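Let's take a friendly walk through a protein model together. Keep the sequence and the 3D view open, and look up each residue as it comes along.

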Amino acid sequence: MEHFVQEINPQVETMAPDKLLGFQAQVSKIPGIVQLTFGEPGFGVSDSIKDEAIKAIKADRSHYAESQGETELRQVALDYFNKRYHLNYPSVDNVIVTLGVTEAINVIFQTLLTPGDGLLVPEPAYGSYFASLTLAHGQRVTIDTSANAFKLTPAMVEETLAQADCPVKAILMNYPNNPTGVTYTEAELRDLAEVFKKHKLWVISDEIYSELTYSGDHVSLAAILPDQTIMVNGLSKSHAMTGYRVGFLLGEEDIIAEMQKVHGALTFATPTFIQDAARVALQSGDKVIADMRAAYQKRRDYAVKVLSELGFDIISPQGAFYIFAKIPAQYNQNGWDFALDLAENAKVALIPGEGFSDLPSAKAYVRLSYAADDQTLEEGLRRLSTYLKEQQ
């Protein structure tokens, strides 16, 4: 029988697999491995949120939801983010409920970018962005932040724009950042906003870790530059609801209306019973957030202390729940080889730095997630310590 052969979309065919997911799949096969890899909160979902989902299912809230999001949830989200981050969005028409931040990012890219348009990406950055950008036919314009403690500056933006070989339409900001945990003060954001405004850049502001800011208040770029900013947020990290897949897009009504066209085509709607649970999360989750943030800060302090004593070069995270650690020079390994050897011989998994950037500087790093519960974190760091001492 003749084998059927037909071309597929070359954009997909030539797209590199996600390095983070690929590495995770590889090391997950190792029996008894301790995972300090994914940003999976080491907490369960609050009973009040689970009860609301169950209640909605029993009430047959299983039919099509409003595509843009149930009006009641959009109103609650609007009130929540306006109050939390001093925003001034006037209407539920400023909000779309998405299937997590991943869908939100795809919606934004496919709405804003035409083939060949450039997107400024301060790196290292969350690896999933890169695949979404490829599917949107956009061009990745990298800004290396490693020389400035992983913080973007106006001068970096100006220099990169001057050297770009494609028309740059937008910049992607993620803070507190995955994988570095760095974030920005209001003064730093205002200085950056002046450059974004000068060059008429769309600002895609992924603030999924905003509730996990350890000192000072999180400041949203949507409060500083509302006309140009599309804010992304969600419940995965703040409420430990990763599997519920609830994200939010907020922006000016005219651009949100255009994005709704893409959202409707990609997923149509988030399930109704999930939206009911999300409403309760936003209405009653303050104590849960505060308790988790305190636990993460304690884990951060513990992990930073251990890793520093082991010789890793670390910038202490100001938010999120990751440490981007530079491997001690004496081990003379890049991040991929180090992390693979660690997984195979010590049965503890970290993510290689090159999963977050193609820049040479990223290869000297590994990312550790301290989102896991205390026992898992302590055991993983114990194994790492033993492994390093055996290498000496």
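**Charged partners and packed cores**

Glu52, Glu72 and Arg279 are linked in a network of salt bridges. A salt bridge here is a side-chain nitrogen of Lys or Arg within 4 Å of a carboxyl oxygen of Asp or Glu. Before we go on, note that this is a predicted model, in which local features need pLDDT of at least 70, side-chain atom pairs count only at pLDDT 80 or more, and totals for chains, interfaces and linings use all residues. Residues are numbered from 1 along each chain as its sequence is written, and side-chain values use heavy atoms, with hydrogens and water left out.

Let's look at one link of that network. Between Glu72 and Arg279, the closest N and O atoms are 3.7 Å apart. Helices (H or I, at least four residues) and strands (E, at least two) are DSSP runs, numbered from the N terminus. Are the two partners buried or exposed? Glu72 is exposed, with a relative accessible area of 52%, whereas Arg279 is buried, at 13%. In these terms, buried means under 20% relative accessible area, exposed means over 50%, and partly exposed is in between (1.4 Å probe, protein chains only).

The search of the whole structure finds 22 salt bridges, and two further pairs are worth a visit. The side chains of Arg74 and Glu66 meet at 3.3 Å, N to O. Arg74 counts as buried at 6% relative accessibility, while Glu66 counts as partly exposed at 33%. Next come Arg140 and Asp358, whose side chains form a salt bridge at 3.5 Å, N to O. Arg140 lies in strand E4 (residues 139-144) and Asp358 in the loop between strand E11 (351-352) and strand E12 (365-369), so this pair ties together parts that are 218 residues apart in sequence. Arg140 is partly exposed, with 28% relative accessibility, and Asp358 is exposed, with 52%.

Arg74 has another neighbour to meet. Asp93 touches Gln68, Arg74, Glu253 and Ile256, not counting residues up to four places away in sequence; contact means heavy atoms within 4.5 Å. You will find Asp93 in the loop between H4 and strand E2 (95-98), where it is partly exposed, with a relative accessible area of 33%. How far apart are the C-alpha atoms of Asp93 and Ala257? They are separated by 7.7 Å, although the two residues are 164 residues apart along the chain.

Glu354 sits in the loop between E11 and E12 and is buried, with a relative accessible area of 16%. Leaving aside its neighbours within four places in sequence, Glu354 is in contact with Lys19, Trp336, Ala362 and Lys363. Thr114, in the loop between H5 and strand E3 (118-123), is partly exposed at 39%. Thr114 touches His137 and Lys169, again not counting residues up to four places away in sequence. The C-alpha atoms of Thr114 and His137 are separated by 7.0 Å.

Now turn to the nonpolar residues. A nonpolar core is a set of buried Ala, Val, Leu, Ile, Met, Phe, Trp, Tyr and Cys residues joined through side-chain atoms within 4.5 Å. The largest one has 79 residues, and those with the most contacts inside it are Phe109, Leu249 and Phe312. Helix H5 (residues 100-112) gives the most to this core, with seven residues. A second, separate core of 29 residues includes Ala53, Leu73, Tyr244 and Ala277. Beyond its neighbours within four places in sequence, Phe312 is in contact with several residues, including Leu307, Ile327, Phe338 and Leu388.

Finally, zoom out. The UniProt record, an unreviewed entry, places the feature "domain: Aminotransferase class I/classII large" at residues 33-384; UniProt positions are given in the numbering used here, feature names are shortened, and annotations may be inferred rather than shown by experiment. Over residues 33-384 the chain is 42% helix and 15% strand, and the end C-alpha atoms are 12 Å apart.
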